[in-house]
Amino acid sequence: MKRVAAVDLGASSGRVMAGTAGPDLLRLAEVRRFPNGGVRAGPALYWDILGLYRETLAGLREAGDLDGAGIDSWAVDYGLLDSRGALLGNPVHYRDTRTDGIPENVAATVSPRELYDVTGLQQLPFNTLYQLVAEGDRLDAAATLLLVPDLLNYWLTGEIGAERTNASTTQLYDVRARTWATSLAARVGIPSRLLPPLRDPGTVVGTAPELAGLPVIAVGSHDTASAVVAVPAEPGTNFAYISSGTWSLAGLELDAPELSDAALAANFTNEGGVDGTIRFLRNVMGLWVLSETLRGWDTSDLPGLLKAAAAAPGLAAVVDIDAPEFLPPGDMPARIAAACRASGQRPPADRPAVVRCVLDSLALAHRRAIRDAARVTGRRVDVVHIVGGGARNELLCQLTADACGVPVLAGPVEAAALGNVLVQARALGENLPDLASMRALVRRTQEIRRYDPSPDDDWDAAEARLAVLRS
Ligand code: LFR
């Protein structure tokens, strides 16, 4: 039996969980939870990276006796180090607008088709490649780029490296050769000296002198990679997954990248998973729109609002939740109202109706992503697993089952932390030879709830309404 700490940093909160894993045992206990989010200072939106490091250290100290610790976080964002290893400037938040117009400029040098051929990544304005291009000549002073978990690992252990699942989200990683795409990087002005040696999940990063020599282990350091490890899929089933939190990462697990024109057109990504798998998925805007709405209303009564939203009429108004206007922080209800007016729909009249509109629209986007994934790969989807915080949102789970027309299996909620723990436990010698054995352990030990679809044609009509708007 192993006892490890999973540090799981999400865009709106971070946590240190103590995890125990052994034969027929997988348990998590929360040690420390702390808020996270963008900090606007002057013209930029930053992360409070030093605060996150301080909380991580404090949580690891509070956790007691440990065999190891591993860190996962959101993807794409990074710190730059100078040649002495000191941080050059505060990491910028991916919702900052500094990359506006950059993807178009890059496309003039490297076509989207070529970029996709090498990296397999979906076009998102905040891909690390675009952020680095936006840095301009500030890169001259930089010696090394470290993604957020790699940066924290470096501060803990002094070791420099790039964990592979997160490296695969940068748009600077060659998804077929499984190396950095150095010549592509050079063409857009990103020097290869910035890209540190790659490391695999399950390898030891080093030991932490400040924590009595605690071993720090590389996990699937992209939170979505760790979450997908803990998807409790039965072997041999045709499953799709949605890792539901700030984002909804919706798609399939594949053995090899899917780089077809259809995949490019549908804007699917091929991110690297644990054990060499491919996470073929699309970023759906996710519960961000709801949490930003609640922030604007200055309320934390999510349970009350969800109850009222469940009783509100369904599909009264739907928006394209993936539209770029919902990406930056701001007044979401106003943006929703504008989107409704622009499409000839009456805007939601009260708060429960706004919440219902967001969740209906999110379920509709889940349906689009899952159906596109199935169509592009020629696979069937018989069940959708929802893991992450959204698995706790009963209305969202039911609406997703209804919209997709297949059962939803919801849970575990703390999938990323569980995936983090499982990969560490294996690295420390527990008998978990493959993803199937890890998932079997999740199935045996975690609560999973089933939602059956209710027969309903309205989703086709709602989709048709949106399809008209998009064309
Ligand atoms: C989810 C996530 C997504 C990534 C987004 C930005 O937390 O890691 O997978 O696209 O955050 O980094």
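How do the residues of the shell around the ligand divide into nonpolar, polar and charged?

A: The model is predicted: local features are reported at pLDDT of at least 70 and side-chain atom pairs at pLDDT 80 or more, while totals for chains, interfaces and linings use all residues. Residue numbers start from 1 along each chain as its sequence is written.

The shell around the ligand comprises seven nonpolar residues, six polar and one charged. In this classification Ala, Val, Leu, Ile, Met, Phe, Trp, Tyr, Cys and Pro are nonpolar, Asp, Glu, Lys and Arg are charged, and the others, including Gly, are polar. Of the 14 residues around the ligand, those that come nearest are Trp74, Ala75, Val76, Thr224 and Trp247; a residue is near if its C-beta atom, placed from the backbone, lies within 6 Å of the molecule. Because domain 1 (2-220) and domain 2 (222-412 + 447-471) both give residues to this shell, the ligand lies between them. These bounds come from an automatic or database domain assignment.

The C-alpha centres of domain 1 and domain 2 are 25 Å apart. Their contact takes 29 residues from domain 1 and 24 residues from domain 2, where contact requires C-beta atoms, placed from the backbone, within 7 Å. On the side of domain 1 that touches domain 2, the elements giving two or more residues are β6 (68-73), α3 (112-119) and α6 (164-167). Helices (H or I, at least four residues) and strands (E, at least two) are DSSP runs, numbered from the N terminus. By class, that side of domain 1 has nine nonpolar, 13 polar and seven charged residues.

Residues 66-229 are 31% helix and 19% strand, with end C-alpha atoms 22 Å apart; residues 240-427 are 46% helix and 16% strand, with end C-alpha atoms 27 Å apart.

Helix α11 (residues 302-311) packs on helix α13 (residues 351-377) at an angle of about 80 degrees, with axes 8 Å apart. Axes are lines fitted to C-alpha atoms, for helices over the stretch in contact, and angles run from 0 to 180 degrees between N-to-C directions. α11 and α13 are therefore roughly perpendicular, a term for angles of 65 to 115 degrees; under 35 is roughly parallel, over 145 roughly antiparallel and the rest oblique. Leu305, Leu306, Ala308 and Ala309 of α11 meet Arg351, Pro352, Val355, Arg356 and Leu359 of α13.

Two backbone details remain. A cis peptide bond, with omega about 0 degrees, joins Gly411 and Pro412, and Pro412 sits in the loop between β20 (408-410) and α15 (415-427). Asn267 has a positive phi near 55 degrees, in the loop between α9 (261-265) and β17 (269-272).

Terms used: Two residues are in contact if their C-beta atoms, placed from the backbone, lie within 7 Å.
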